[in-house]
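Colleague: I'd like to go through this one with you and ask where the labels come from. Can you show me the model?

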Amino acid sequence: MKFTPLDASNRHKAKELESFAGNSHVSFSTTVTLDITTLYSKLEKKEMGIYSALTYCISSIINSHEDFRTTYNNENKIGVWDGLIPSYTIFNEDAEKFGTIWTEFDKDFSVFNTLYLQDIKEYNMVPSPNPKPNQPPNTFLISTLPWIDFTAYSISGKEKTNCLLPSVTLGRVDSKNSTTFVPMAVHAYLSVCDGYRVGRFISEMRQMCQAPESWLI
């Protein structure tokens, strides 16, 4: 994947982001409940998993907006990746510990789902916090807590960071009164993603879950 410094492609935006440089660690989190009734029903008929589909939806939206792909590189330059790859948590039941692996993103859901399932099968029982080697620098994190139905979720830390990519946390899938839903928390850095952009992300997630016919083929 290619990283393009903003000082070469968009000087106005680079200057705007540099004004946040001293506060690049300032972030916020918001939590919503997603109605996944339609999506869940269609996946059940195809005998496909919900978390793979949600990972695909999240990755599709994040890759469609430059703001979510804006961050610092290892030379501390602000720029934009031309694409991001999802990394996500898996749970080793024997060790009772999480690991994080990554899967190449593909716009074709059937291709992505196959790669996702292959990676989980290969690395799920490897006793390591990072079972899959050679993680690319252009990855963002999706955490899954399938045991918890949360209404609020936040991440805090005191250290500054040069990674401004968002992260997403998914909770337990539940059903009530014929509605299936899942909590989703979005953690973003204010220097690149404000409330408007996170709100747009949430709206697009709802659209993909409520009308999956365009991508769930």
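Modeller: Start with how the axes are made: they are lines fitted to C-alpha atoms, for helices over the stretch in contact, and the angles run from 0 to 180 degrees between N-to-C directions. Helices (H or I, at least four residues) and strands (E, at least two) are DSSP runs, numbered from the N terminus. The axes of helix H3 (residues 37-46) and H4 come within 10 Å and cross at roughly 125°. One caution: this is a predicted model, where local features need pLDDT of at least 70, side-chain atom pairs count only at pLDDT 80 or more, and totals for chains, interfaces and linings use all residues. Residues are numbered from 1 along each chain as its sequence is written, and side-chain values use heavy atoms, with hydrogens and water left out.

Colleague: Why is H3 called oblique to H4?

Modeller: Angles under 35 degrees count as roughly parallel, over 145 as roughly antiparallel, 65 to 115 as roughly perpendicular, and the rest as oblique. Roughly 125° falls in "the rest", so H3 is oblique to H4.

Colleague: Which residues of H3 and H4 make the contact?

Modeller: Leu 39, Tyr 40 and Leu 43 come from H3, and Ile 50, Ala 53 and Leu 54 from H4, with contact meaning heavy atoms within 4.5 Å. By class that gives 6 nonpolar, no polar and no charged residues. For the classes, Ala, Val, Leu, Ile, Met, Phe, Trp, Tyr, Cys and Pro count as nonpolar, Asp, Glu, Lys and Arg as charged, and the others, Gly among them, as polar.

Colleague: And what makes H4 and H5 oblique to each other?

Modeller: The axes of H4 (residues 50-63) and H5 (residues 109-123) come within 10 Å and cross at roughly 125°, so the two helices are oblique. On the H4 side, the contact is made by Tyr 51, Ser 52, Ala 53, Thr 55 and Tyr 56, and on the H5 side by Phe 109, Phe 112, Asn 113 and Tyr 116. That contact has 6 nonpolar, 3 polar and no charged residues.

Colleague: Why does Gly 99 count as buried?

Modeller: Buried means under 20% relative accessible area, exposed over 50%, partly exposed in between (1.4 Å probe, protein chains only). Gly 99 has 5%, so it counts as buried. Gly 99 sits in strand S6 (residues 97-102) and touches Tyr 88, Thr 89, Ile 90, Ser 128, Pro 129 and Pro 131, not counting residues up to four places away in sequence.

Colleague: What makes Met 125 partly exposed?

Modeller: Its relative accessible area is 43%, so Met 125 lands in the partly exposed class. You'll find Met 125 in the loop between H5 and strand S7 (139-144). Leaving out residues up to four places away in sequence, Met 125 touches Asn 92 and Asp 94. Met 125 and Asp 94 are 31 residues apart in sequence, yet 7.9 Å apart in space, C-alpha to C-alpha.

Colleague: How do you know that Glu 47 is exposed?

Modeller: Glu 47 has a relative accessible area of 76%, so it is exposed. Glu 47 is in the loop between H3 and H4, and its phi is near 55°, a positive value in a residue other than glycine.

Colleague: Why is Asn 177 counted as exposed?

Modeller: At 69% relative accessibility, Asn 177 therefore counts as exposed. Asn 177 lies in the loop between strand S9 (174-176) and strand S10 (179-189), with phi near 55°, a positive value in a residue other than glycine.
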